[in-house]
Amino acid sequence: MGYRLASRKEKTGDTIITVGDAVFGGEGFAVIAGPCAVENRDRFLQAALQLKKIGVQMLRGGIFKPRTSPYAFQGLAEEGLDILAEAKRVTGLPVVTEVMDTRDVETVARYADVIQIGSRNMQNFILLKEVGRTRKPVLLKRGLAATIQEWLMAAEYIMAEGNLQVIMCERGIRTFETHTRNTLDVSAIPAIKHLSHLPVIADPSHAAGRWGMVAPLAKAAVAAGADGLMIEVHPNPDEALCDGGQSLTPANFADLLDEIKPVAEAVGRQWGAGAKSLVKKSVI
Ligand code: PEP
Ligand code: MN
């Protein structure tokens, strides 16, 4: 099988991971949103405050960006850490950010509430072990061309080091189709639920690569049983340094949350007033 701790056989009840007001798993449902990258202080704080008002449970923003071209914006690196800290302070929201290098894990773990492992590093086993030695929840994105079995074994690498708080994130896989950036594998959501007790969320932004498709894919993921969503939102997508084409404006994002709410409720997810999800709180 190749994985044990991540398996349903090991634990029949769902793992519920609570970070601030965000609850992933069980009846919980949480929304993470923010720009692809932290571009500068003012823009990130503006986005963070808008998202807080709309009612998200967690902020996202990359400071180490795994760009396909070495000439593309690579992120602010350490310089972005203080901006993440300030956004946390002013909004009271937890933050998730990606780490790409084992040398940065300790520092990132001091600032981030959740550590993201990006698709391109899903099988960077040394990095997986290193985040497994922290006690911060890990958001583990599915590799660009990883099978569900390989993805679960990547989670196992983290868990085998003692960190049992892994949130799986389906972000689209590479197929023959080129109309979209990737193909959202909706079936991965019930598959993970069947094979594992870990929470699984969806990132329709990186799956679609086009902002106009983010809402329908988000609804499909929620209907299929996703425990949450990660959505890219930028105050001005046309000016984004990274992934502007797939980023929603705050107004479109607020509409998306309104559309998702009845879908979430229809599949038994607790969703409080407005976009806030207030669910039974428990920890693993
Ligand atoms: C991201 O979330 O910004 C990102 C780089 O995603 P992925 O690793 O899924 O491509
Ligand atoms: Mn992105």
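This text walks through the inside of one protein model. The model is predicted: local features need pLDDT of at least 70, side-chain atom pairs count only at pLDDT 80 or more, and totals for chains, interfaces and linings use all residues. Residues are numbered from 1 along each chain as its sequence is written, and side-chain values use heavy atoms, with hydrogens and water left out.

Start with the core. In soluble globular proteins, nonpolar side chains tend to be buried together. A nonpolar core here is a set of buried Ala, Val, Leu, Ile, Met, Phe, Trp, Tyr and Cys residues joined through side-chain atoms within 4.5 Å. Buried means under 20% relative accessible area, with a 1.4 Å probe and protein chains only. The largest such core holds 67 residues. Leu-140, Met-168, Leu-229, Ile-231, Phe-253 and Leu-256 have the most contacts inside it. Helix H5, residues 148-160, gives the most to this core: seven residues. Helices are DSSP runs of H or I, at least four residues, and strands are runs of E, at least two, numbered from the N terminus. Another core lies apart, with 14 residues, including Ala-22 and Met-230.

Now look at Phe-253. Leaving aside neighbours within four places in sequence, Phe-253 is in contact (heavy atoms within 4.5 Å) with Val-31, Ala-33, Leu-51, Ile-54, Val-56, Ile-231, Val-233 and Leu-248.

Next comes helix H2, residues 79-91. Its buried residues are Gly-80, Leu-81, Ile-83, Leu-84, Glu-86, Ala-87 and Thr-91. They pack against helix H1 (41-54), strand E4 (58-60), strand E5 (95-98) and helix H3 (105-111). Just after H2, Gly-92 takes a positive phi of about 75 degrees.

Cys-36 counts as buried because its relative accessibility is 3%. Cys-242 is buried too, at 4%.

How values were computed:
Chains lettered and ligands numbered in written order. Buried < 20%, exposed > 50% of the residue type's maximum accessible area, 1.4 Å probe, protein only.
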